[in-house]
Amino acid sequence: MTGVHFVNSIGQISTPQRNEGQRMSDVLGLESLVDEIAHKLAMDTEEAPTSSSILGPFWSPNAPFRELGGSIIQDPAPNGQPALMHGKVLDVVTKKPIAGAIVDIWQASSNGKYDFQDPENQTDNNLRGKFRTDENGEYHFYCLHPTAYSLPTD
């Protein structure tokens with residue numbers, strides 16, 4: 001716990017509200033390491049599960065469920081290009097589709113900022129949403145063509 005408190009205190013150097021402890025964890029590889037260990041322990045085979053995202057998105061209890069095939073774009077984005085995102089969720093061992101799995105997405109706008117970083121241009125939950133896979137484990141929705149997001153340099 002001392003190590004956790006240390007990484008958290010480093011993250012609060014910029015501001016207590018914008019805690020960069022998560023980024024420190026990413027730089028040190030801690031989150032990825034813990035996830036990979038947990039994924040390996042949860043499986044009885046040598047199959048490799050999908051790797052975790054190490055830079056986010058950060059889960060939110062307020063992310064809205066949206067209709068399959070719907071859009072997470074609430075606010076127009078300068079230079080934003082809509083894109084169709086689609087995929088299939090499969091069980092890593094059986095390779096069978098998982099019906100009703102939740103796909104949770106959150107992306108930065110074309111200006112490189114998430115909704116909470118950009119209240120002048122984005123409303124809450126812009127470019128965020130959850131979708132349930134269909135009976136074939138498939139999902140599809142509209143989002144913005146992905147762009148790099150801004151990283152604070154302070």
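Modeller: Happy to. Buried here means under 20% relative accessible area, with exposed over 50% and partly exposed in between (1.4 Å probe, protein chains only). By that cut-off, 27% of the 154 residues in the protein chain are buried. Please keep in mind that this is a predicted model, where local features need pLDDT of at least 70, side-chain atom pairs count only at pLDDT 80 or more, and totals for chains, interfaces and linings use all residues. Residues are numbered from 1 along each chain as its sequence is written, and side-chain values use heavy atoms, leaving out hydrogens and water.

The chain has three helices and four strands, taken as DSSP runs numbered from the N terminus (helices H or I, at least four residues; strands E, at least two). From the N terminus, their order is α-α-α-β-β-β-β.

Now to Asp115, which sits in the loop between E2 and strand E3 (128-132).

What does the side chain of Asp115 reach? It reaches the backbone nitrogen of Asn125 at 2.7 Å. The Asp115 side chain also makes a polar contact with the side chain of Trp106 (3.4 Å). A polar contact is a pair of N or O atoms within 3.5 Å; within protein, one must be able to donate a hydrogen and the other to accept it, and residues adjacent in sequence count only if both atoms are side-chain atoms.
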